[in-house]
Amino acid sequence: MPTWSSLSRALTAVALVPTLALAAPKPEPTATEKKPGAVRETARPSKHYAIEQFMKTTLIRGASFSPDEQRVLYSSNQTGIYNVFSVPVKGGKPTQLTRSTTDSTFAVGYFPQDERILFTKDQGGNEQHHLYVRTPDGKEKDLTPGDKHRASFFGWSRDESAFYVLTNERDERFMDLYRYDAKTFERTLLYQNEGGLDVGDVSPDEKWLSLGKTNTTSDSDVYLFNVATKESKHLSPHKGIATWESATFDPTSSSLYLITDEGTEFTRAVRYVLATGKMEDVEKTDWDVMYTYFSKNGALRVTGINADGRTAIRLHDVKAGKQLDLPKLPEGDITGVSIGRSEKRMAFHHNGDRSPSNLYVFDFATKKVTRLTDTLNPEIDAKDLVDAEVVRFKSFDGMEIPNILFKPHQATAKQQAPALVWVHGGPGGQSRKGYNPMIQYLVNHGYVVLAINNRGSSGYGKTFYTADDQKHGKEPLQDCVEAKKYLATLPYVDGSRVGIIGGSYGGYMTLAALAFQPDVFNVGVDIFGVSNWLRTLKSMPAHWESRRQALYQEVGNPETQEAMLREVSPLFHAEKIRKPLLVIQGANDPRVLKAESDEIVQAVQKSKVPVEYVLFPDEGHGFTKKKNEAEAYSRTRAFLDQYLKKPANAPTN
């Protein structure tokens, strides 16, 4: 997370911002200490809800105060597609500010001194985002016009007379940094990116930039760039594997805060003092410190810690040197934290396993918490949804594998349920607690879901994180096989009816499971997953250039390891797939091309195996439109009902 100068830009990418919990949760007992489901063996009546009812629930993102801190700006999909809204901090009816019906529109924030707003959108999910301004009279203008580049907001200057923008219009491989005048929108080049480094932050005095270099997915470096002299200083020389990332400059431009795991399993926060060159430890725990950042004037510092599938938030009073209490709310997570310029209040989202995110404002002086939204469809009783629990099992080689387990209310030893192994994206992602509409929909209709964090997942130390390097389709897949065995030990699971499902890298794992372990799972659901690593690695978006070699090190180099990549690419082994398959794809996906799904579907069809294909012409790598989300969820459930709910020995066609 960045300084105040770039906090706003981080909050626009809410989908990528790690969630924050109200307090560090107590460590969950391992599977050997507690029998999962034992305390929930008694079934309770649970109403089943239609997909239309789930889709009436609203999803929201972002939080930004107006200049007078009397309103909060955010994004909502209540119209069926994301648009920008504002709502009074005292509560009241939200006001819709943008009215897109084709492309999802995400709020960046208000201008600091007036009611103009910045927002961003792409075209049908192609990830070529542009930055727009909207004036109070409703007029909108693209500040980064063009059809062959992408641009992103990168924060406000300290005096708030300008803002920063990253764009790859000069060279599609690299993002350059510009300074835009807030009144005229005239721009000045601050950093021309010739070496494939990533801009981390801008110091408040604009004398320094932090730059990041990705060596591998688990090894990186940070450089300090002098804006005046154009000289760079390497801040993180190290031996062995270590992650170094810039977090934020402090408000006085005297120190650069960094995140590193050098010499340890988990990341910690350290501080580089610019005047002396001294590196000092700031904050560490038994889990990963993910980010730390300051409020505008530096009175407060926020740290997020990834604690066993949850995130603990620490709010520090910098002057007093103590940790502040957080608002008392029901169990759940806080996301999208935004501290007002006055440092008197903060806006945030709160969600739980059974509750989608809602927007709140917290007054630091009065301790008053005001809820501004009510996103769960009132037709749905939250008691009919389920809480998740963290469980663990030992894999084939003794490695402990953490998971998030969702158990239907009606599942018991006398009424066993079918189950799904849910694989997250990545490689290197993480399944976490919190509201997941697709999982809750499937669980509500009788499916146990085990969201696995197979080896290679983030959040469990660098040894665990690097354990899948160059082993995709092998050891991580074996973890999924062991997950099925674990599910079969649960008294309420029918171990003869277990499928596998996942999106992106999880989609690859689904295809790999059906191709390389064809007798293990009964069905597979592949959501925009990789079928051919050779093509995916060669066709990755140009702006990923700074991470190209890191991905090659993680998965394989298509120029030098063709045989290995063919061996682990399901497309070249599609004749081995014998179980029913559902494939879901966005036509505009720039990461996993449509051809990845087209060809695996065609290959499986040749074997006369039941395969269904759902293609969305107006989506990219994920869903941004409710109508598409509803179809994807309902088609998935119908497919599972047909091929997984019936007895395992029943015919499949």
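D281 is exposed, with a relative accessible area of 51%; here buried means under 20% relative accessible area, exposed over 50%, and partly exposed in between, computed with a 1.4 Å probe on protein chains only. The model is a predicted one, in which local features need pLDDT of at least 70 and side-chain atom pairs count only at pLDDT 80 or more, while totals for chains, interfaces and linings use all residues. Residues are numbered from 1 along each chain as its sequence is written, and side-chain values use heavy atoms, with hydrogens and water left out.

The side chain of D281 meets that of R268 in a salt bridge, at 3.3 Å from N to O. The term denotes a side-chain nitrogen of Lys or Arg within 4 Å of a carboxyl oxygen of Asp or Glu. This pair links distant parts of the chain, 13 residues apart: R268 belongs to strand β20 (residues 268-273) and D281 to strand β21 (residues 279-283). Helices (H or I, at least four residues) and strands (E, at least two) are DSSP runs, numbered from the N terminus. R268 is buried, its relative accessible area being 14%.

E283 counts as buried, at 6% relative accessibility, whereas R314 is partly exposed at 22%. In a further salt bridge, between D641 and K645, D641 is partly exposed at 26% relative accessibility, and K645 is partly exposed at 32%.

| Salt bridge | Closest N and O atoms |
|---|---|
| E283 and R314 | 3.1 Å |
| D641 and K645 | 3.8 Å |

A search of the whole structure finds 38 salt bridges. Salt bridges also link E160, K296 and R341 in a network.

The remaining topic is helix α10. This helix (residues 594-606) has 13 residues and reaches 19 Å from its first C-alpha to its last, close to the expected 18 Å; the expected span is 1.5 Å times one less than the number of residues. Its buried residues include E596, D598 and I600. The buried residues of α10 pack against α6 (505-516), α7 (533-538), β36 (581-586) and β37 (611-616), where contact means heavy atoms within 4.5 Å. K608, which follows α10, has a positive phi, near 60°.
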